[in-house]
Amino acid sequence: MAMKTREEYFESIRALKLPVYLLGEKVEDTVENPIIRPSLNSVGMTYEIAQKPEYEDLATAISHLSGKRINRFCHIHQSVDDLLKKPRLLRLMGRKTGTCFQRCAGLDAMNTLNAITFEMDAELGTEYHQRYLNFLRIVQEEDLVCDAALTDPKGDRSLSPSQQADPDLYLRVVKKDARGIVVRGCKAHQTGAVNSHWVAVTPTSAMKEEDKDYAVTFVTPTNTRGITYVYGRQSCDTRKLEAGSIDVGNAGFGGHEAYMIFDDVFIPWEHVLMCGEYRFSGRLVEIFANYHRASYGGCKSGMGDVLTGATALMADYNGTAKASHIKDKLQEMVHLNETCYACAIAAACEGSRHSSGGYLVNGLLANVAKLNITRNPIEMCRLAQDIAGAVIGTTPSEQDLAIPEIGDLLRKYLKGVAGVSAEVRMRCIRLIENITMGTGAVAFFTESIHGAGSPQAQKVMIQRYSNFEQKKEFARKIAGIKE
Ligand code: SF4
Ligand code: FE
């Protein structure tokens, strides 16, 4: 099958009929739901750009399995050039959607599984890699979205999975037989879960022997019996239910996260890619985290371009664009943003070939990229609100413009410079509000801190990847220290 069009993708998601709960109700049709739809549109953009000749080189790739042209979001990196094209593609996508387009976690998970199943087979003589390749063929052939499910609810964070009072707080194997396994648990904060065809489920951290029931990895269609989705709320989400298109800030696109509950779900052996091999769970998480931490340098810098643009527009509309401190703050936004991107590019440039034939990003640089992202986008939000002014928190609703006795008065008092209408200025205000503290802030603010691991996780990896003894030796030599 050729790559799907955007519309074919939408229909394929509708056909899944996923059991999704949102705002206290079961959703009839996730594709038409006004709260979910913008997030579907964002994934739809990954299909749309793959059809455009001008983006062919960036948005598509040649499959190493079939030799056919496929969407790059289904591709296993075959070179440093492939590694480099990912952040470039993600930045483009961030610019086009202004939010999270959800398809990269799956891309990073598929690349991780390519490497880890190969390593497991080489050491243990298992057949995981072949199972994985069978799955990958389906994803590439049918041009599917694969979600990546790592994060467990974790309960008491001071206790390991098997020490929890409730053993289901980390997803685990509860039964095994000749046909397959049965799993129970939950994966929290699942980006793009209800817009995906398949999901790759893996452990969230390194496991010890006593936790080996939790060292489980598998792939399964998202509509597998026993999986239920509960859609996460976002700040200002119900604005999408209101009339008009200004107050939502970003009317076309959005991201989403969901709780994915596995209530005794059967997984046949052909879809199981780790079952009890606890020694490999830490390595799996490390490979995934490196890929995904580097991914953030692409997507967040694309969103950062949108926020910087909106902020520069607000300076124009407010008549402050020529003030030297405003120029300085806009330059600072660019510096912060490009620092995020530069690290992602560097992590790709310094990538290396894995024994499976895939390519890995540089772990140290990927973690430096993400640690910057736990800070820089947040500082960009502060600068954007500083430049935009207090209107970010006080602007009346779009509905008020329609009130006969005050609509024109509001238009008069919400105006900035001559030649720019109050509506135009309000659109810009709402976009900045969206990205810095509305629905878009989940992608640009909260995810920047916690997505792909919270800041301390990056510090731990930076410590591990930094060869301090070697650095000391450099210093000893220069300083002439012999002992
Ligand atoms: Fe992709 Fe960024 Fe969303 Fe992660 S946060 S899925 S890297 S767009
Ligand atoms: Fe993410």
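Visitor: Which residues line the largest cavity?

Guide: This is a predicted model, in which local features need pLDDT of at least 70, side-chain atom pairs count only at pLDDT 80 or more, and totals for chains, interfaces and linings use all residues. Residues are numbered from 1 along each chain as its sequence is written, chains are lettered from A and ligands numbered from 1 in the order in which they are written, and side-chain values use heavy atoms, with hydrogens and water left out. On a 1 Å grid over the protein atoms alone, a cavity is a set of points where a 1.4 Å probe fits but cannot get out, and lining residues have an atom within 4 Å of a point. The largest cavity is lined by Ser235, Cys236, Arg239, Lys240, Asp247, Val248, Gly249, Arg430, Glu433, Asn434, Gly438 and Thr439.

Visitor: Which helix supplies the largest share of the shell around ligand 1?

Guide: A residue belongs to this shell if one of its heavy atoms lies within 4 Å of the ligand; Cys100, His292 and Glu447 are among them. Helices are DSSP runs (H or I, at least four residues), numbered from the N terminus. Helix H5 (104–124) and helix H7 (281–318) each supply at least two residues of the shell. The largest share, 5 residues, comes from H7.

Note on methods:
On a 1 Å grid over the protein atoms alone, a cavity is a set of points where a 1.4 Å probe fits but cannot get out, and a pocket is an open set with protein on both sides within 12 Å along at least five of seven lines; lining residues have an atom within 4 Å of a point.
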